[in-house]
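This report describes one protein model, from its overall fold down to single residues. The sequence and structure come first.

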Amino acid sequence: MSSESNVKLTIALSNPDLDAEEQERETRNLLRDIKELDVESAELVAVTEIPQGAKSVGGFLVGVLQAEVSLANFKKLLGFLGDRLGNKTIELEVEANGKKLKVKASSQQELNAAIEQAQKFIAGNS
């Protein structure tokens with residue numbers, strides 16, 4: 001496998017103060033911003049398997065999106081997420097070279113720690 005394989009991220013936003021429609025709008029705005037970065041792909045997660053406690057709207061999981069990015073741009077995407085989602089509750093799943101890392105964060109400090117953990121995880125897989 002080449003050292004330049006892609007990293008897949010699943011980002012789940014959770015804001016109990018927003019209804020499903022507002023959460024969907026926030027997720028779509030984040031998706032639009034991520035697509036403007038140098039990513040291989042970014043999309044909402046279609047409802048095929050509904051995780052426990054998840055809601056769906058229009059065939060997509062509410063607040064969940066996936067992005068695929070090259071190793072070279074992985075750090076840039078994480079930096080963007082850190083700036084954009086610092087004080088929001090998120091669940092981040094990172095997949096590379098057949099391994100997965102799942103982290104949760106609900107503050108800027110926790111998100112920074114999760115991003116650092118994700119970077120170390122990917123570095124270990126390179």
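## Asp33 and its helix

Asp33 is found in helix 1. The model is a predicted one. With a relative accessibility of 18%, Asp33 falls under the 20% limit and therefore counts as buried. Its side chain makes a polar contact of 2.3 Å with the side chain of Arg84. Leaving out residues up to four places away in sequence, Asp33 touches Phe80 and Arg84.

Helix 1 covers residues 20-35. Its buried residues are Gln23, Glu24, Glu26, Thr27, Leu30, Leu31, Asp33 and Ile34. An α-helix has 3.6 residues a turn, so residues three or four places apart point the same way. The cover over the buried residues of helix 1 includes strand 1, strand 2, strand 4 and helix 2.

At the start of helix 1, a side-chain oxygen of Asp19 comes to within 3.1 Å of the backbone nitrogen of Glu21. Glu21 itself belongs to helix 1. At 56% relative accessibility, Glu21 is over the 50% limit and so counts as exposed. Glu21 and Gly63 lie 42 residues apart in sequence, while their C-alpha atoms are 9.8 Å apart in space.

## Overall fold

The protein has three helices and six strands. Read from the N terminus, the order of elements is β-α-β-β-β-α-β-β-α. Of the 126 residues in the protein, 40% are buried. Among contacts with a separation of 6 or more, 62% are between residues 24 or more positions apart.

| Strand pair | Sense | Bridges | A facing pair |
|---|---|---|---|
| Strand 1 (residues 6-14) and strand 4 (residues 60-70) | antiparallel | seven | Val7 and Val69 |
| Strand 1 and strand 5 (residues 89-96) | antiparallel | seven | Leu13 and Ile90 |

## Helix lengths

How far apart are the end C-alpha atoms of helix 1, and what span should its 16 residues have? At 1.5 Å a residue the span should be 22 Å, and the end C-alpha atoms are 22 Å apart, which agrees. For the 14 residues of helix 2, the span at 1.5 Å a residue should be 20 Å; the end C-alpha atoms of helix 2 are 20 Å apart, so the two values agree.

The buried residues of helix 2 are Asn73, Phe74, Leu77, Leu78, Phe80, Leu81 and Gly82.

## Nonpolar core

The largest nonpolar core contains 32 residues, and those with the most contacts inside it are Ile11, Leu30, Ile34, Phe74, Leu81 and Val94. Two or more residues of this core come from each of strand 1, helix 1, strand 2 (41-46), strand 4, helix 2 (71-84), strand 5, strand 6 (99-105) and helix 3 (108-125). Helix 3 gives the most to this core, with six residues.

Which residues does Leu30 touch, not counting those up to four places away in sequence? They are Ile11, Leu13, Leu65, Phe80, Leu81, Arg84 and Leu85. Of these, Ile11 and Leu81 are also listed among the core residues with the most contacts. Phe80 and Arg84 are touched by Asp33 as well.

Asn97 is placed in the loop between strand 5 and strand 6. Asn97 has a positive phi of about 50° although it is not a glycine. Its relative accessible area is 31%, so Asn97 is partly exposed.

Lys100 has its place in strand 6. Is Lys100 buried or exposed? At 54% relative accessibility, over the 50% limit, Lys100 counts as exposed. Leaving out residues up to four places away in sequence, Lys100 touches Glu93, Val94, Glu95 and Phe121. One of these, Val94, is also among the core residues with the most contacts. Lys100 and Ile122 are 22 residues apart along the chain, and their C-alpha atoms are separated by 9.7 Å.

Key. Residues numbered from 1 in each chain as written. Predicted model: local features only at pLDDT ≥ 70, side-chain atom pairs only at ≥ 80, totals over all residues. Heavy atoms only, no water. Helix = DSSP H or I, 4+ residues; strand = E, 2+ residues; numbered from the N terminus. Buried < 20%, exposed > 50% of the residue type's maximum accessible area, 1.4 Å probe, protein only. Contact = heavy atoms within 4.5 Å. Pairing = 2+ DSSP bridges. Core = buried A, V, L, I, M, F, W, Y, C linked by side-chain atoms within 4.5 Å. Expected span 1.5 Å × (residues − 1). Polar contact = N/O pair within 3.5 Å; in protein donor to acceptor, adjacent residues only side chain to side chain.
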